[in-house]
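Hi,

Here's the structure I said I'd pass along.

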Amino acid sequence: MCWKSDTPKPSQSGTGTCPPGSTAPCPLQCPAMEIEVNNTTTADDDVVQLRCTHPAGRKRVACRIRVTSAPAAQATTVVLTNPDGRLRFPNAGDATATVTVPADGSWAAFEISGETASTALNDAVIEAHCNTATGATLATRNVTVFSFDEARMELVQGGNYAFTNGTYTVTGAHAVSYRSRARIRPAGVSCAAPQVSRLRIGIAQESRLYRHAVTWGNPTITWRPGVAVGTSVTVPRTIRQSVSYDPSVPLPVADSEASVAPLYDQPGKSGTLDPDSLQLPIGCQPSAGTASATSFDTPSHAAPAMAEQDVSSGGVVVGRVRWTRINSTRDEEFRAFCVAFDTSDSSYCALRQADWEIHIDSAGTATDQHATVHADVDAAAAPATGASANDVAHTQGVAAVGATTTTFTR
Amino acid sequence: MTQADDRPATPSPDIAVLCRARAIHDMATLRTADYSPGGYGRWVIALIRPDPGSGAATVPGAYVDGDTGALVNPTQADAVLVKKGQWETVGTSPTGSNRGRYEWHEALDRRLRTLSPEDLYSPFVYGGTVVFTLTAPSEDGEPFGAARLLFPEWSRSVEDALNQAPQFERLLTAGIDRAGYFAEVNALLAGHNPLTATLAFRHLLLSPDATLPSAAALLRTDDVRKLAVLIYLALSIPAAAHRAYWDEQITRLLRDTSSPERLLAIGHAAFAVSLFQTGHPSAFASAQTLTRALLGHVRALQIDIERDPAWRRIFNAVTLPGG
């Protein structure tokens with residue numbers, strides 16, 4: 001039914017008509033409306049980030065719709081659609097959304113997420129339809145689904161491991177250096193939009209394997225004063241300390257530090273390694289910059305030059321045995337990720353990944369004892385999260401190596 | 001039968017280079033506030049004499065059963081690193097303490113994300129002259145606070161500087177607008193105390209006055225230890241605005257220097273920056289560049305670097321890939 005001709009008519013933009021003389025609001029007539037993205041009038045922030053695959057997730061942008069000439073006759077049922085398929089409202093299965101828009105001109109809220117990347121600015125369209133998805137178009141709003149391309153997670157092999165007093169490490173260089181970068185697309189997306197300005201390109205890392213060992217041999221003894229001449233003791237000729245992740249630790253584990261988590265590194269924190277470990281995306285850097293986020297890693301462990309232990313005879317300590325270091329080994333495997341990091345909630349999306357490993361032995365050729373790095377590829381899984389590699393349970397023990405012994409006689 | 005040698009081993013050349021690097025770092029970064037009466041506690045300058053087993057790994061409570069040769073660990077304890085020895089005051093000390101012993105254990109299963117100066121050279125394992133404050137023992141039993149290795153020849157200078165610290169800090173925090181500021185800072189730079197000159201130099205490097213001629217002139221000092229510390233600061237501190245200036249000053253100094261001792265001091269400083277400033281990309285890069293330039297200069301002067309293992313250690317890093 002429709003309004004009588006002498007009754008003030010509500011605002012309408014529907015294309016339907018009603019029989020003359022009708023006395024009830026015409027269901028085919030819907031009022032004109034307006035849509036805002038990010039709940040602002042400005043168009044510069046009409047952007048939404050492309051959904052993430054690793055880890056799976058969607059950044060949601062708050063939107064709203066309202067009647068432009070309130071009051072309407074009644075609340076209006078509006079169906080939101082996106083003909084180009086670049087958006088969702090906001091979950092994967094929400095190709096459309098139905099919203100009830102109040103008659104009094106107040107806003108009705110909805111959310112969008114990015115399903116497919118835009119190839120040009122503003123090529124995604126939100127359409128508001130009267131009552132059904134095919135009803136009259138009451139309002140439209142253009143949106144850009146921004147994404148990243150030309151992402152790289154570059155690894156650079158560093159120096160060789162050697163003993164520096166009681167530490168097995170690389171000095172005067174790093175074991176490996178990182179360079180992480182990505183470009184925001186499409187060109188011209190507003191870097192000042194909050195959805196963009198809070199993003200940085202950074203580095204995440206996980207560890208899949210960790211063990212190290214220190215082996216000592218060539219024992220000598222210092223007898224305690226008063227030990228009788230002729231007293232004999234037998235000691236292991238070689239002993240070894242072995243350290244690894246506890247078998248209960250699920251792998252891979254995040255390689256991070258409390259103040260910079262969930263990333264491998266961040267600037268301005270107590271655990272910062274590199275002050276340039278976060279960078280604006282290329283396309284948002286000043287002066288058309290192309291700088292990479294950088295950091296480095298030099299996994300190290302204590303490898304004391306000596307090991308000592310009391311030795312007993314007949315249940316009485318008669319001396320102290322000292323072994324000297326023979327060698328140390330380290331086996332460790334990592335995966336580093338180029339990520340788009342949201343500084344507002346510390347979430348990230350992995351873009352590229354690259355593996356590197358250390359399989360070193362101080363007894364080997366000196367120039368062979370270094371990290372081995374591999375080329376980067378598209379991210380294939382989400383980086384490990386949770387407890388960091390330095391904080392998870394480790395198993396360590398010291399044991400004799402083999403059955404060979406040495407006998408000392410006072 | 002082999003007896004253990006109970007005498008502390010003579011440090012290898014490699015350890016000597018690391019010792020020098022640590023002293024350069026510690027003197028360059030010393031903060032008098034760490035030793036003021038209102039700070040941590042009262043300070044001591046002492047000679048550290050590690051016990052023969054200091055720096056060894058051991059399993060607390062474990063032993064070798066000499067009758068069977070088995071390694072017995074009744075409590076399944078983890079191996080630890082032992083630091084133990086004696087300390088004896090050098091000069092005077094406001095604490096009144098003259099000597100003492102130390103012993104503490106450090107975990108050995110640490111997966112080290114970063115290295116501290118103590119990880120690279122420990123005076124509590126290899127010896128040295130250290131300034132520290134006596135504090136309540138930490139969780140692992142270490143009783144020393146703000147421990148810094150110094151050149152033994154600087155013991156008196158450090159003592160004097162710490163005794164004068166309140167006046168010194170008042171001067172440097174008074175601001176450049178205060179009458180007499182520049183005259184007093186220049187007096188410190190030109191003074192006989194290498195530590196107070198170092199502190200004044202560091203203060204200037206951190207301020208807009210970083211390019212004062214008197215500061216740059218300080219690099220021409222004849223004191224090779226002071227020179228090494230100042231080079232370390234000139235490589236480490238300058239912000240982007242002043243870095244090119246100080247890189248140029250150091251380059252000129254290198255070009256004008258032919259003394260092997262002074263060149264070695266420059267090398268020690270660059271090595272120390274490469275060792276301790278890995279998280280400061282521009283300082284690290286400046287140090288690497290300087291080391292390469294030093295190598296070329298030393299070769300041009302036909303200085304026999306093979307005769308001194310310190311040169312080999314210093315130049316080792318720049319020949320490595322990615323270094």
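Quick bit of bookkeeping to start: I call two cysteine sulfur atoms a disulfide when they sit within 2.5 Å of each other. Also keep in mind that this is a predicted model.

With that cut-off, Cys191(A) and Cys284(A) make a disulfide, S to S 2.0 Å. Its S-S torsion is about -85 degrees, so this one is left-handed. The bond ties together distant parts of the chain, 93 residues apart: Cys191(A) is in the loop between strand S12 and helix H1, and Cys284(A) is in the loop between strands S16 and S17. Cys191(A) is partly exposed at 26% relative accessibility, while Cys284(A) is buried at 14%.

Over all chains, the search turns up 3 disulfides. Another of them pairs Cys30(A) with Cys130(A), sulfurs 1.9 Å apart. The torsion there is about 60 degrees, so it's right-handed. Cys30(A) lies in the segment before strand S1 and Cys130(A) in strand S8, 100 residues apart. Cys30(A) is buried at 2%, and Cys130(A) is buried at 6%.

Then there's Cys52(A) with Cys349(A), S to S 2.1 Å. That disulfide is right-handed too, given a torsion of about 100 degrees. It spans 297 residues, from the loop between strands S2 and S3 to strand S21, and both cysteines are buried.

What about Cys338(A), which is in no disulfide? The nearest cysteine sulfur, from Cys349(A), is 9.7 Å away, and Cys338(A) is buried with a relative accessible area of 0%. Over in chain B, Cys19(B) is partly exposed at 24%.

Cheers

Methods. Residues are numbered from 1 along each chain as its sequence is written. Chains are lettered from A and ligands numbered from 1 in the order in which they are written. This is a predicted model: local features need pLDDT of at least 70, side-chain atom pairs count only at pLDDT 80 or more; totals for chains, interfaces and linings use all residues. Side-chain values use heavy atoms; hydrogens and water are left out. Helices (H or I, at least four residues) and strands (E, at least two) are DSSP runs, numbered from the N terminus. Buried means under 20% relative accessible area, exposed over 50%, partly exposed in between (1.4 Å probe, protein chains only).
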